[in-house]
Amino acid sequence: PGDGILLVVEDDTQYAGFIVELARRMGFKVLVASRGLDALELAKQFQPTAISLDVFLPDMLGWTVLCQLKQNPLTRH
């Protein structure tokens with residue numbers, strides 16, 4: 001509680017690593033998901049402060065993930 005949490009949703013491991021390193025330097029705790037379904041579960045469980053969302057994921061489009069996040073009262077904000 002009280003910690004800034006960033007959820008990185010990215011299937012490119014090199015780019016995800018770059019974002020993770022930068023976010024940690026900025027004081028965030030970081031969660032990483034490479035698939036949309038995993039991202040939705042992590043978002044529900046941890047309710048991150050911010051999300052970095054790739055548009056093209058292996059299992060669904062990032063736009064679909066965003067739509068589902070916005071429809072859920074736990075993750076819409």
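Which side chain of opposite charge is nearest to E10, and is E10 buried or exposed?

Analyst: First, the ground rules. This is a predicted model, in which local features need pLDDT of at least 70, side-chain atom pairs count only at pLDDT 80 or more, and totals for chains, interfaces and linings use all residues. Residues are numbered from 1 along each chain as its sequence is written, and side-chain values use heavy atoms, with hydrogens and water left out.

E10 is buried (under 20% relative accessible area; exposed is over 50%, partly exposed in between; 1.4 Å probe, protein chains only). The nearest side chain of opposite charge is that of R35, 13 Å away. Here Lys and Arg count as positive and Asp and Glu as negative; His and the chain ends are not counted. E10 has no salt bridge (a side-chain nitrogen of Lys or Arg within 4 Å of a carboxyl oxygen of Asp or Glu).

Where does E10 sit? Its place is the loop between β1 (5–9) and α1 (13–25). Helices (H or I, at least four residues) and strands (E, at least two) are DSSP runs, numbered from the N terminus.

The E10 side chain reaches the backbone nitrogen of D12 at 3.0 Å. Setting aside neighbours within four places in sequence, E10 is in contact with Y15, A16, A33, S34, D54 and L57 (heavy atoms within 4.5 Å).

R35 does have a salt-bridge partner: D59, with the closest N and O atoms 4.0 Å apart. R35 lies in the loop between β2 (29–33) and α2 (36–46) and D59 in the loop between β3 and α3, so this pair ties together parts that are 24 residues apart in sequence. R35 is partly exposed at 37% relative accessible area. D59 is also partly exposed, at 25%.

The whole structure holds four salt bridges. Among them is E21 with R25, where the closest N and O atoms are 3.4 Å apart. Both lie in helix α1, four residues apart, about one turn of the helix. E21 is partly exposed at 40%, whereas R25 is exposed at 63%.

E41 and K44 form another, their closest N and O atoms being 3.5 Å apart. These two are three residues apart in helix α2, about one helical turn. E41 is partly exposed at 48% relative accessibility, and K44 is partly exposed at 36%.

Terms used
A polar contact is a pair of N or O atoms within 3.5 Å; within protein, one must be able to donate a hydrogen and the other to accept it, and residues adjacent in sequence count only if both atoms are side-chain atoms.
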